[in-house]
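Please look over the sequence and structure first; the notes follow.

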Amino acid sequence: MRALVFHGPGQFSWDTVPDPAIQQPTDAIVRVDTTTICGTDLHILKGDVPEVRPGTVLGHEAVGVITETGDAVGSFQAGDRVLVSCISGCGRCRYCREGAYGQCLSGGGWILGHLVDGTQAEYVRVPFADLSLHKLPDEVPSEQAILLSDILPTAYEVGVLNGRVTPGDTVVIVGAGPIGLAAVATARLYSPGRIVAVDLAQSRLDAAKRLGADDVVQAEEDVEGFVRGITGGLGADVVMEAVGVPQSFELCTRIVRPGGHVANIGVHGKPAALHLEDLWIKNLTITTGLVDTSSTPALLRMLAAGRLPAAELTTHTFALDAMEEAYDVFSRAAETGALKVVINRS
Ligand SMILES: NC(=O)c1ccc[n+]([C@@H]2O[C@H](COP(=O)([O-])OP(=O)(O)OC[C@H]3O[C@@H](n4cnc5c(N)ncnc54)[C@H](O)[C@@H]3O)[C@@H](O)[C@H]2O)c1
Ligand SMILES: [Zn+2]
Ligand SMILES: [Zn+2]
């Protein structure tokens, strides 16, 4: 089959590789009909995620049809149209039994396109299929369902739920890529008083406005002054970091109010300074997190009911064998205006 193979920092290509096969009785093989690219894939290419070995097929998001199941897969069969979650869970370990699949102790967690071959390919082997796949209702189109592999559950769980957004809050989201935009969309479910999006790219600030941000601020402008100005000098109730660089995390800790929440979503490759000499007195809650995807069934019901602005989160569509072009367009989002790019089997 054809697949997007990582060859070390800065290097990848669309290669011919062996078809995946069932390795464990809990595996399923899925024919990939739709996949996409995540900001995390860009971090891998930058060298920020050194566990990814050269030779790994990238990608952790897909919608497709099961072609084969291992003997121990009980909930799915060949022919089922499914969502492939970015997180796999054994279902049995201490964390999985608490719904914290991201921390699975038995070989699950974020493995696709990280520790095992991923979804930017014609076929993918999905470990622990019973807990890593979700059956899709016919009425949910694949180009919307794909947003449930990662960005909607991530923004919702790691941003909105960890950040404890409550009605009336001032919420600032630093980084308005697909994850930050999905955070704008899912924060609105809690009726905050005001949502502010911060980014370097005008195209992404425009998208944040379309998705319901009340204010947008260029990251190079005086973000601190702006947030002080709209909060009576206090700072924001909830601040989410959706970039993954030290400057933006440090900005988040400067614009949160005493007693507020900073929810880090970004994948970081470098240390960020935690200024405890200023922060110790501020009663802050700072959370970090890998998504668990325990919210996926609820988000799927919301998507099927038309309660999530999925169509507004995607821009470009490519054929599977134009994967390298899709990477080029997604990685130059400031110029291309790309949000989530949809890649379909032709
Ligand atoms: N925690 C998790 O489970 C999880 C899951 C998926 C993705 N992520 C991470 O979330 C982050 C966002 O993902 P994405 O797909 O939206 O990525 P992306 O690269 O498309 O978006 C990042 C955005 O940040 C903006 N930006 C860059 N530097 C900035 C700065 N200094 N200040 C403000 N904005 C700045 C960019 O213009 C861009 O719009 C990434 O770090 C990704 O790895 C985390
Ligand atoms: Zn991702
Ligand atoms: Zn587990």
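The shell around ligand 1 draws residues from both domain 1 (2–150 + 292–344) and domain 2 (153–287), so ligand 1 lies between them. The model is predicted.

**Shell around ligand 1**

- The shell holds 35 residues, of which Gly39, Gly177, Ala219, Gly244 and Val267 come nearest to ligand 1.
- By residue class, 20 members of the shell are nonpolar, twelve are polar and three are charged.
- At least two shell residues come from each of helix 1 (39–46), helix 5 (151–161), helix 6 (178–187), strand 9 (194–199), helix 9 (246–255) and helix 13 (333–336).
- Helix 1 gives the largest share of the shell, with four residues.

- Most residues other than glycine have a negative phi.

**Setting of the two residues**

- Phe128 sits in the loop between strand 6 (123–126) and helix 3 (129–132).
- Phe128 has 27 other C-beta atoms within 10 Å; the cut-off for buried is 20 or more, so Phe128 is buried.
- Asn283 belongs to the loop between helix 10 (276–279) and strand 13 (285–287).
- Asn283 has 10 C-beta neighbours inside 10 Å; the cut-off for exposed is 12 or fewer, so Asn283 counts as exposed.

Notes
Residues are numbered from 1 along each chain as its sequence is written. Chains are lettered from A and ligands numbered from 1 in the order in which they are written. This is a predicted model: local features need pLDDT of at least 70, side-chain atom pairs count only at pLDDT 80 or more; totals for chains, interfaces and linings use all residues. A residue is near a molecule or strand if its C-beta atom, placed from the backbone, lies within 6 Å of it. Ala, Val, Leu, Ile, Met, Phe, Trp, Tyr, Cys and Pro count as nonpolar, Asp, Glu, Lys and Arg as charged, and the others, Gly among them, as polar. Domain bounds come from an automatic or database domain assignment.
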